[in-house]
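Please look over the sequence and the model below before reading on.

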Amino acid sequence: MNPIRIFISSVQTEFAQEREALRDYLRGDPLMRRFFDVFLFEDVPASDRRPDSLYLDEVEQSDIYVGLFGDDYGSEDADGISPTEREFDQATASSVHRLIFVKGTNDNNRHPKMQALIHKAQAGLIRKRFNTSEELVIALYAALVEYLDSEDLIRSEPFDAAPCLKASLDDLDIEQMRRFIRIARGAREFPLTEGTSTKELLGHLNLLNGERPTNAAVLAFGKAPQQFLISSEVKCAHFHGTEVAKPIPSYQVYKGTAFQLVDQAVDFVLSKIALSVGTRAESTQAPVSYEIPKEVVREAIVNAVAHRDYTSNASVQVMLFSDRLEVLNPGRLPPPLTLEQLRDTHPSVPNNRLLARSLYLTQYIEEMGTGTLDMIRQCGDAGLREPEFTDSGGFKTTIWRAKSTEQIKVQPVSLRGELKSRVLNLLTHGPMSRSKLSQQLGHKEISGQLNKVVRELLTDKMIEYTLPEKPTSPRQQYRLTDNGRTELANLKSRKAD
């Protein structure tokens with residue numbers, strides 16, 4: 001199809017920054033650049049620029065007219081009409097689809113003729129107010145998506161609700177679904193049981209589209225999600241310096257379900273940053289903590305996996321430098337959120353609502369819009385600079401590391417101490433009850449310390465119940481999870497180093 005031509009009109013000097021932001025967004029966003037071609041006065045070489053009045057033919061040949069109205073009216077011709085109003089009138093006469101965006105909420109300072117133009121543009125148009133370039137981009141995005149939908153150029157359902165056209169129910173992992181139910185029942189009182197059929201589970205989660213699994217179903221439960229959604233992988237890299245430079249000391253490309261991607265990427269970061277080891281003044285176990293709080297690392301990565309643009313050919317990138325951790329995902333903040341709102345109480349607006357729901361049911365996210373606030377607070381508690389959020393060329397979270405690690409005592413210890421390590425090792429041989437674990441540890445009875453360790457391992461999802469629906473059953477045993485196996489592998493790697 002031919003590109004849909006957009007003409008952006010405004011008083012050039014007043015809206016130079018906003019026009020540049022719109023151009024970069026329309027040419028950089030995977031969805032927008034697929035459909036739209038933008039015309040800007042500034043992109044025409046100075047030698048080829050014609051009088052403003054002759055740009056009216058550009059308006060007539062366009063499919064969409066975007067008017068940016070501010071305080072200034074612009075230079076007037078012999079009839080007292082500015083180029084901006086001439087272009088608006090031409091768009092109206094040529095039946096060009098018009099989108100009007102007005103900067104600011106106070107109309108008192110506007111030129112009287114601009115006030116009159118804004119009033120003339122009211123009837124029958126999409127007319128939005130904005131204050132910043134970011135708000136303008138978000139407003140234009142929403143308007144253009146609505147336009148594409150009205151022209152039947154894009155599907156009306158979100159990406160994660162659309163059917164994964166090449167996948168069938170046989171491409172889903174039954175054990176992954178059973179494990180999901182076990183965790184969701186314990187974490188969120190999920191009503192279905194492990195005996196639930198695949199269709200019933202997917203139907204309950206709205207992950208069926210006709211007879212096909214949705215994209216969200218494949219991302220959550222697929223045997224090999226990247227077979228159908230190639231770019232859903234996560235790329236992790238570790239650099240010794242502060243810039244991207246080759247050779248890369250450590251580089252991993254992780255594949256798997258959304259849950260596995262988060263767990264693997266988090267473990268990659270935690271295995272590369274420092275651990276501080278406290279004293280045994282308050283317990284027999286020396287407390288340990290990561291240089292960057294584990295919860296902060298996890299929140300940044302799970303946000304990237306949950307809210308990214310899965311129509312993009314780019315992947316989530318996790319890059320650890322000597323001074324910071326950067327988590328970049330292809331996508332933008334969903335309307336109406338702004339970067340400023342991330343630092344205050346704000347609603348949860350997931351890009352992939354169905355995928356986010358599955359992550360919520362397994363306690364990967366909370367669906368309360370509190371994730372960024374928690375990250376800011378936890379970094380402050382750890383003595384780190386506030387995280388930074390940027391929304392240009394993808395959404396990026398930057399988490400700053402400690403300025404100095406001179407006082408950090410690094411030791412090759414496990415996540416929660418020696419006893420946890422021994423419990424995890426024992427469970428590699430198969431499920432065991434607490435009494436069996438105690439016996440294998442050489443204890444005469446089940447100690448309070450063992451009870452505490454088991455609770456912590458359950459909370460950290462390193463072990464799980466064999467009878468999740470009956471947590472207090474005398475036949476209850478515990479088995480190792482994928483998280484637990486990964487932690488053991490990391491521990492062995494640290495010891496080898």
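Which residue in β12 stands opposite V234? The residue is V316.

This is a predicted model, in which local features need pLDDT of at least 70 and side-chain atom pairs count only at pLDDT 80 or more, while totals for chains, interfaces and linings use all residues. Residues are numbered from 1 along each chain as its sequence is written, and side-chain values use heavy atoms, with hydrogens and water left out.

Strand β8 covers residues 234–238; strands are DSSP runs of E with at least two residues, helices are runs of H or I with at least four, and both are numbered from the N terminus. Two strands pair if DSSP finds at least two bridges between them. β8 is joined to β12 (residues 316–320) by 5 bridges, and the two run parallel. Another 5 bridges join β8 to β9 (residues 250–254), here in antiparallel fashion. The bridge partner of V234 in β9 is Y254. Of the 5 residues in β8, 4 are buried (under 20% relative accessible area; exposed is over 50%, partly exposed in between; 1.4 Å probe, protein chains only).

The loop between β8 and β9 holds I248. This residue is partly exposed, at 33% relative accessible area.

G331 lies in another part of the chain, in the loop between β13 (324–329) and α12 (353–361). Its relative accessibility is 14%, so G331 counts as buried. Leaving out residues up to four places away in sequence, G331 touches D309, D391, G394 and F395 (contact means heavy atoms within 4.5 Å). D29 is 302 residues from G331 in sequence, yet their C-alpha atoms are 7.8 Å apart.
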